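Hi,

Here is the structure I promised to pass on. Have a look at it first, and my notes on what turned up follow below.

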Amino acid sequence: MKRSMARIVVTTLGSLGDLHPMFPIADMLQQRGHSVLFVVPSKLQARVANQGFQSRTVHTMPDPPAEARASGVSAAAAKARIEKRYMPFLKGAIEVLDEACSGADAILSTPHQIATAVVGTQRRIPWVTLTVFPGLIPSAYSVPEPHWLPALPTPPGRLVNRLSWSIYGFGIRYLSQDAIAAAVGSLGIPANKLFAPGGVSPHLCLVMSSPAYSPRQPDWAPQIKVTGFTQWDEPQGWSEPPELTQFLNAGPAPVVVTTSTAEERDTIGYARVAMRAIEATGRRGIILTGATTDRILGTAPHLILDSGVAAWPYIPLSRLLPRASMVVHHSGIGTAITTIRHGLPAVAIPASFDQWYNAGRVRDLGVGRIIKFNDLTVERLAKEIDHVATDDRYRARARELAKEMVGEDGVGRACDEIEALVGRAEVASA
């Protein structure tokens, strides 16, 4: 069946972990003849432009001043900050996205971009929730993440799970609903129709994860679909530095350590502990320094120590992991799944938010072990690296799951679903 060309707007306010999985979908949609426009914060525009896409700028909510952060994190204080700062930000996001969506046929959005629901509802444009993280999609078979207790498996336990979701939803509404209502009330759209835990679109929600990693919950609504992982990690124009090639060829496969760009934590301390732990095991290693590059490398393009530990700011995991022995990672979902897809075991070090979900999956799937970030020491990490590297069960399980994932076409499935939604909308409006 011949596809008609659609105009598609892609928007996110999030981190690189939210943006990167959107790139292969946007690229395939463009290859299929559709036009694609990104609406992203200024900090992400250079990456969007590097991939050959046009974009418009949406402003993000600024960080609170130091005195506000020092005032505590009580519910009343958080509510006051949201009411004071969120309303003008949301109105601005709505204005930018509304203008960008003039003539659009669909909006692709991450869950926390609430402006998408406002503009989509007002303009009657179907929108698609794109998420790599299913931990905020309500279900009786799960609890909202992060959560201090695991989901309970029995029928009575599922009632408790539902109660957890109800409490979570009440908290979200208490903290933000007044600000949302004030920001969109003038548009005549009831605020309670715009936001639910997880930000699940009533039209289509695509979980861009492997079913082997994030199985579909039995009670999810029909429009929620698990597509398969949408792998993207290599910017256009990237080429392997000759020093990296020489290092990889000079000895045994290294332990790879990844750092996160998405949360506030002592990443520089984490990287230094990891470097010393690898040295303590006598193995070779590569640290991907990410946001800590300036403090670890300064102006140098890379670092290679006599101990056999090296550091680079960035190397695509799709290029590096086929030549690695195992991974020590920050429990980001992209890194966790990519590690499994390459049949490698891991040590996961969660600190916040969805990292607890991903660390739990690493443990429960039998592909690695966990160290809580607050428990991280050189001695503990060295011990866990030795354990995971020498226990063949972790690597065998990772390779078993990798075989399940190899046939997935997350990008193609996602694009098929998006085109089907656009086609249904065209028929309905005809």
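One term before we start: a contact here means heavy atoms within 4.5 Å. Also, this is a predicted model, where local features need pLDDT of at least 70 and side-chain atom pairs count only at pLDDT 80 or more, while totals for chains, interfaces and linings use all residues. Residues are numbered from 1 along each chain as its sequence is written, and side-chain values use heavy atoms, with hydrogens and water left out.

The overall picture: the chain has 16 helices and 14 strands. Both are DSSP runs numbered from the N terminus (helices are H or I, at least four residues; strands are E, at least two). Of its 430 residues, 52% are buried, and buried means under 20% relative accessible area, with over 50% being exposed and partly exposed in between (1.4 Å probe, protein chains only). Among contacts with a separation of 6 or more, 65% are between residues 24 or more positions apart.

Now the inside. A nonpolar core is a set of buried Ala, Val, Leu, Ile, Met, Phe, Trp, Tyr and Cys residues joined through side-chain atoms within 4.5 Å. The largest one has 49 residues, and Ile25, Phe38, Leu108 and Tyr213 have the most contacts inside it. Helix α16 (residues 410-429) gives the most to this core, with 6 residues. There is also a second, separate core of 27 residues, which includes Ala271, Ile287, Met326 and Ala382.

Among the buried residues of α16 are Val411, Cys415, Ile418 and Leu421. The end C-alpha atoms of α16 are 29 Å apart, which agrees with the 28 Å that its 20 residues should span at 1.5 Å a residue (the expected span is 1.5 Å times one less than the number of residues).

Last, strand β11 (residues 309-312). Val309 and Ala311 point one way, Ala310 and Trp312 the other, and all are buried. Strands count as paired if DSSP finds at least two bridges between them. Strand β9 (residues 285-288) pairs with β11 in the parallel sense over 4 bridges, with Gly285 opposite Val309. Strand β10 (residues 303-304) runs antiparallel to β11, joined by 2 bridges, and Ile304 has Ala310 as its bridge partner. β10 and β11 form a hairpin with 4 residues between them, and Gly308 in the turn has a positive phi of about 95 degrees.

Cheers
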